[in-house]
Amino acid sequence: REPEARGRAGEGMAPLASALAIPTSLTSSPSRRRKRAARARRPRAPTRCGAEEESSAESSSTPTGRSVVVMCHGVTPHARAGLFSPANLLQGRVDVWCRCVTAGLYLSDDVRRDTVVHLVVQSDDLASCRLVSVDGARIEGLAPAEKNVALLLQRAMQHASLDQLPTLARDAPGRRARGGDGTASGGGDGRDELRKKSARNARLREGRWLATRPGSAGPVPGIAVSDHQSLEACLRRALRGCGAVALLDVDGDDAPAVLARPPDNPENGAGVAVVVGDGSGVTPDERRTLMFVFGAVLMALGRRTLLASHCVVLAHAALDGEEAPRRVQR
């Protein structure tokens, strides 16, 4: 009867604690206290729902907004729609996307709420561009682990392509069509069985498969996905509000000299954008568009080619150093 007595004693601890003004956290189990402490330590980016209620003094002291634009090349239609495996991020170089998002948004113990990371996803045929924007002020559930970032990107990109997922899954490389009994339809018998399947059953199977995809859970707060017919239209969306655009290039001017210049297009806004290429770099067409259409200035972080995620960190450090004197003067 000892376990029963313990259970009754535990049920009466909460009322007794409230009557004696004892914090209920002291009466909870050690595991619950550890979970609460872990949640309290976890950095979370608050939403902007209360931004309009802030005073003008507080809004004027906030740092200038930043945009990190990553040019992603050679993306397959399946990866563009979020049909990639978080367990194999090297396929399609999704790992580069995740590292750039982490480098662009994370501090040691906080999130850069003034920064938005834009992934310009381009296919080989350059028929259209997809823009995936991760907002540091609105993102929820983000963690520095690459797999965690990949899961969020996968869900957001799949949700934006829900109507295309069944067709893309059927056309996936290495996938074999299967008949109604689960056998591969490689021969004549398999094709006959495939013809006999009813369209209704096929739609039901498709619906059940689609319901198990991460994208069916809905959009991800803080991640916006949009499709554009041209690279210029995609970049125009990503560079909104940025009066100064810096294209990272080893042949550019040193970062302090570039950041000391006044913005080339102040009418576009007070934000600063940093554009970096993936493992393929930046193509000549992209360079011309950025320089002649958006007024980008070549900026060098050294005379050696670095990883894209490392360039993002160094660019943030240069911008932080350039903003530090202005914060001291205020």
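Trainee: Which residues are exposed on the other side of H13?
Mentor: Pro-284 and Phe-292. Keep in mind that this is a predicted model.

Trainee: And which residues in helix H13 are buried?
Mentor: Glu-286, Thr-289 and Leu-290 are buried there; the helix covers residues 284-293. Looking down the axis of H13, its buried residues fall within an arc of 90 degrees, so they line one face of the helix.

Trainee: What do those buried residues pack against?
Mentor: Several elements. The buried residues of H13 pack against strands E1, E2 (115-122), E5 and E6 (271-277), and against helix H11 (231-238).

Trainee: What follows H13?
Mentor: Gly-295 does, and its phi is positive, near 65 degrees.

Trainee: New topic. How many salt bridges are there?
Mentor: The count comes to 14.

Trainee: Give me an example. What does Asp-320 pair with?
Mentor: Arg-66. The closest N and O atoms of Asp-320 and Arg-66 are 2.6 Å apart. This pair links distant parts of the chain: Asp-320 sits in helix H14 (residues 308-329), Arg-66 in strand E1 (residues 66-72), and they are 254 residues apart.

Trainee: Is Arg-66 buried or exposed?
Mentor: Arg-66 is buried, because its relative accessible area is 4%, under the 20% cut-off. Asp-320 counts as partly exposed, at 25% relative accessibility.

Trainee: What about Asp-254? Which residue is its salt-bridge partner?
Mentor: Arg-303, with the closest N and O atoms 3.3 Å apart.

Trainee: Why does that pair tie together separate parts?
Mentor: Because Asp-254 lies in strand E5 (residues 242-254), while Arg-303 lies in the loop between strand E7 (297-300) and H14. Those parts are 49 residues apart in sequence. Asp-254 is partly exposed, with a relative accessible area of 45%. Arg-303 is exposed, at 55%.

Trainee: Last one. Which residues do shared partners join into one network?
Mentor: Arg-66, Arg-112, Asp-114 and Asp-320. Salt bridges that share partners connect them.

Technical notes
Residues are numbered from 1 along each chain as its sequence is written. This is a predicted model: local features need pLDDT of at least 70, side-chain atom pairs count only at pLDDT 80 or more; totals for chains, interfaces and linings use all residues. Side-chain values use heavy atoms; hydrogens and water are left out. A salt bridge is a side-chain nitrogen of Lys or Arg within 4 Å of a carboxyl oxygen of Asp or Glu. Helices (H or I, at least four residues) and strands (E, at least two) are DSSP runs, numbered from the N terminus. Buried means under 20% relative accessible area, exposed over 50%, partly exposed in between (1.4 Å probe, protein chains only). The arc is that of the directions from the helix axis to the C-beta atoms. Contact means heavy atoms within 4.5 Å.
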